[in-house]
Amino acid sequence: MADKVKELISKCLQARDMAYCPYSSFPVGAALLTTDGAIITGCNVENASYGLTVCAERTAVQRAVAEGHTHFTAIAVTCDVKDSFVGPCGACRQVLMEFGSEWTVYLTKPDGSYKESSLTELLPSAFSPAHLAKN
Ligand code: THU
């Protein structure tokens with residue numbers, strides 16, 4: 001497992017290098033670990049119509065689902081901020097919550113050091129698919 005985490009961290013750092021961010025110059029990389037051990041990466045993809053920008057985490061999720069993966073155990077996220085561990089934006093937290101609350105989020109610095117968190121910690125009292133079934 002430790003090796004898999006290392007690989008996940010390394011893949012999210014590589015994904016950050018693929019970011020298309022000519023407007024913000026703020027590259028972000030993400031790497032999802034599926035329950036069957038696959039790693040799917042994503043980067044932020046910006047647009048001249050700024051609001052159409054897609055975050056790295058959501059790029060990774062869309063890509064994973066399109067490739068047949070909907071069960072995840074972890075996501076690693078990184079950007080160029082060196083002095084603090086940066087978490088996914090609120091919209092991305094909600095998108096991750098769609099696929100379960102009990103997975104691990106590795107907030108990763110550019111040097112590869114990381115802080116482990118859970119999705120529930122990052123998005124407490126979340127709205128989730130389970131609530132739709134309660135009506
Ligand atoms: N961004 C992400 O890719 N993920 C986040 O969780 C926060 C923000 C991107 C969007 C935009 O391209 C750039 O970072 C600056 O906001």
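Biologist: How far is the side chain of Glu-46 from an oxygen atom of the ligand?
Modeller: This is a predicted model. In it, an N or O atom in the Glu-46 side chain is 2.5 Å from a ligand oxygen.

Biologist: And Glu-57, what distance there?
Modeller: A polar atom of the Glu-57 side chain lies 2.7 Å from an oxygen atom of the ligand.

Biologist: What about Asn-44?
Modeller: The Asn-44 side chain has an N or O atom 2.9 Å from an oxygen of the ligand.

Biologist: How much of the ligand does the protein bury?
Modeller: Taken alone, the ligand exposes 370 Å². The protein buries 76% of that.

Biologist: Where does the ligand sit?
Modeller: In the largest pocket.

Biologist: Which residues are around the ligand?
Modeller: Ser-24, Phe-26, Val-28, Asn-44, Glu-46, Thr-53, Cys-55, Ala-56, Glu-57, Pro-88 and Cys-89.

Biologist: How does that shell split by class?
Modeller: Six residues are nonpolar, three are polar and two are charged.

Biologist: New topic. Where is Thr-108?
Modeller: Thr-108 is in strand S4, which covers residues 104-108.

Biologist: Buried or exposed?
Modeller: Thr-108 counts as buried, because its relative accessibility is 3% and the cut-off for buried is under 20%.

Biologist: What does the Thr-108 side chain reach?
Modeller: The backbone oxygen of Tyr-106, at 3.1 Å.

Technical notes. Residues are numbered from 1 along each chain as its sequence is written. This is a predicted model: local features need pLDDT of at least 70, side-chain atom pairs count only at pLDDT 80 or more; totals for chains, interfaces and linings use all residues. Side-chain values use heavy atoms; hydrogens and water are left out. A residue is near a molecule or strand if one of its heavy atoms lies within 4 Å of it. A polar contact is a pair of N or O atoms within 3.5 Å; within protein, one must be able to donate a hydrogen and the other to accept it, and residues adjacent in sequence count only if both atoms are side-chain atoms. Accessible areas come from the Shrake-Rupley method with a 1.4 Å probe; for residues, only the protein chains shown count as cover. On a 1 Å grid over the protein atoms alone, a cavity is a set of points where a 1.4 Å probe fits but cannot get out, and a pocket is an open set with protein on both sides within 12 Å along at least five of seven lines; lining residues have an atom within 4 Å of a point. A molecule sits in a cavity or pocket if more than half of its atoms lie within 2 Å of its grid points. Ala, Val, Leu, Ile, Met, Phe, Trp, Tyr, Cys and Pro count as nonpolar, Asp, Glu, Lys and Arg as charged, and the others, Gly among them, as polar. Helices (H or I, at least four residues) and strands (E, at least two) are DSSP runs, numbered from the N terminus. Buried means under 20% relative accessible area, exposed over 50%, partly exposed in between (1.4 Å probe, protein chains only).
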